[in-house]
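Thanks for making time this morning. I would like to walk through one model, beginning with the fold of one chain and then turning to the contact between chains.

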Amino acid sequence: MELLGQIGLGFGVALSFDNLVYCFVGALLGTLVGVLPGLGPLATIAMLLPLAYALSPVGALIMLAGIYYGAQYGGSTTAILVNLPGESSSFVTTLDGYQMARQGRAGAALGIAALGSFFAGTVATLLICLFAPMLAKVALQFNSADYFSLMVVGLVAAVVLASGSLFRALAMIVLGVLLGLIGTDVSSGMLRMTFGMMDLADGISFVPLAMGMFGVAEILRNIEEPQKQSVIEGKIGSWLPTRADLKDSAPAVLRGTLLGSILGLLPGGGALLSSFASYMVEKKLSREPETFGRGNIRGVAGPESANNAGAQTSFIPLLTLGIPSNPVTAIMIGAMIMMGVQPGPLVMTRQPDLFWGIIASMWIGNLMLLVINLPLIGIWVRLLRVRYSVLFPIILLVCAVGVYSVGNSTFDVGLMIVFGLLGYLLTKFGFEPAPLVLGFILGPLMEVNLRRALIGSGGDFSIFIDRPISCGLLLVSAALLAVTCLPRIRSARERVFVE
Amino acid sequence: MIGIRDQQGLAGGLLLLAIAGGLGWAASSLAFGSVMAMGPGFLPQILAAVLGGFGAVMMMGSLTVAGPPLVFRRLPRLLAVLAALLCFAQLIEDWGLFLSALAVVLVSCAAADERRLARSLGLAGVLATIATILFVELLSLPLSAWPRF
């Protein structure tokens, strides 16, 4: 019954007029920007991050979460209609979604994607309500050694699940942590690695880093390699799935939801892994695997449900442990810290309105997506035809104004340029920017906890092994690393990312 | 045979080494402390060394293991994008949002596929007007719209 009261509190917060508006604006903006070619959820959130500054923490996080779902949904729209995955997790959707669209069933594909996502979102939200409080209670037992080990698991998982080379992902994490340490050292008050720039005394700000790495770098890549767009001409078809469609896809939606909910919990998992796993499961279980890749509705329904469920449950580690499990939640943590909310198990007890309000707004956001988006498909299709040569000056302008307006600092604009260039070069050299951002967020926290743990133990590293929680977590990370290095798993992993 | 077989690896390793060198140099004057009382330089120095190690290993690896080539295309256009942002940073404080926005769009249009002056001017004018109305009037961000004299 306590739970009902808390959910009630959450809905009370989320249903207040202001928060409903933020949720709506977030979902709409997210879809709008996410549908635009060449802009994935990461770039979208990074670009709209400054908007959050004007709001209260609750409102801001509700809006950011709305932007996230919206952008993800927009990503599947581009995947189906243009054969362009707006982001890696909707890549699988292009396989069958685009084929469906070519057969004149774009509407059905979009409809089932939206309905499946909504169902998955509902289930995942329920799961968060049930399990987040339990996990938060466990997390209250954590001391600094456990926290340090927990973050090690998070970073290791990010490496294991990165799509490129393990070695390069590790290097990116180290670089991210190093960048995170720039600025004033908390315990000694010394300026570190600022090269005499007073603007760096508070460290590298998160907004220019995220906008540069994900916004500007993306523009540079798109200009270098223009993507050929072929928006589906002709009929979209009704978005209302037929009875046969529903019957066909219901089991896929259920399985996708289950898979996604579990995989989303894993640090580093989230949407990407979920959608790949779901697609493979559907193909394996199907009686006619050869129809996959030729417009099988299950190939859309399963992965789309799975990635939404995964996106949703990846908020559990964020809200209860304060650990980001993917770049998007890393951005959310960055936003929370900037707004003076320290993410972690205490959020739930100290700021229950924030905690439950966000959870309730997740469900409302999913509902809004369904209501806003399906009837507006026509508009999104028209947006897809916007040419990139018109689009990217707009994105640049929004990024510039956004990053400047946060602190009225031209230095931040400069930082954004530097990180845009760095992000572009890194991808050129085969690195992925996502682990860097995770390291950047977690680095300073890890240092604090490491220092505390070692002071407590008198400099004895065995504290990390003596405490059962910490020891267990370290074993998990070791196992993850070892498993990835095994040749068989390694080749399977490569195959998954190649497919 | 000795030769560069992985251009991406070589360049990536060089980049890591350069960053590690720079940050390591900046952290070298900080107190290292001890395991029991970690100084401000403890992690930065260790991590810079590790990052440098990664860079060195990558560079060595690029001599033996083949990898994809490194190709840069359309470099002038990429520079135009960065230059547009640089213009914004230079102009925004004294010249106001309208003129800065105009500059961003005009300069970045040099990176577009179709470059026609009239079209770029039109786009710049429209976007600068919208941006001024949206950001200054509607969202009332702390920006001045016009030059300060």
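Chain A has 23 helices and 2 strands, where helices (H or I, at least four residues) and strands (E, at least two) are DSSP runs numbered from the N terminus. Please keep in mind that this is a predicted model, in which local features need pLDDT of at least 70 and side-chain atom pairs count only at pLDDT 80 or more, whereas totals for chains, interfaces and linings use all residues. Residues are numbered from 1 along each chain as its sequence is written, and chains are lettered from A and ligands numbered from 1 in the order in which they are written.

As for overall shape, the C-alpha atoms of chain A fill a box of roughly 70 × 50 × 45 Å along the principal axes. Of its 499 residues, 60% count as buried, meaning that 20 or more other C-beta atoms, placed from the backbone, lie within 10 Å of the residue's own.

Now to the contact, to which chain A gives 46 residues and chain B 54, two residues being in contact if their C-beta atoms, placed from the backbone, lie within 7 Å. On the side of chain A that touches chain B, the elements giving two or more residues are helices H8 (166-181), H9 (206-224), H18 (388-407), H19 (410-428) and H20 (433-456) of chain A. The largest share of that side, 11 residues, comes from H18(A).

Finally, chain B is divided into domain 1 (7-64) and domain 2 (75-138), with bounds from an automatic or database domain assignment, and the C-alpha centres of these two domains of chain B lie 38 Å apart.

Methods. Buried ≥ 20, exposed ≤ 12 C-beta atoms within 10 Å, placed from the backbone.
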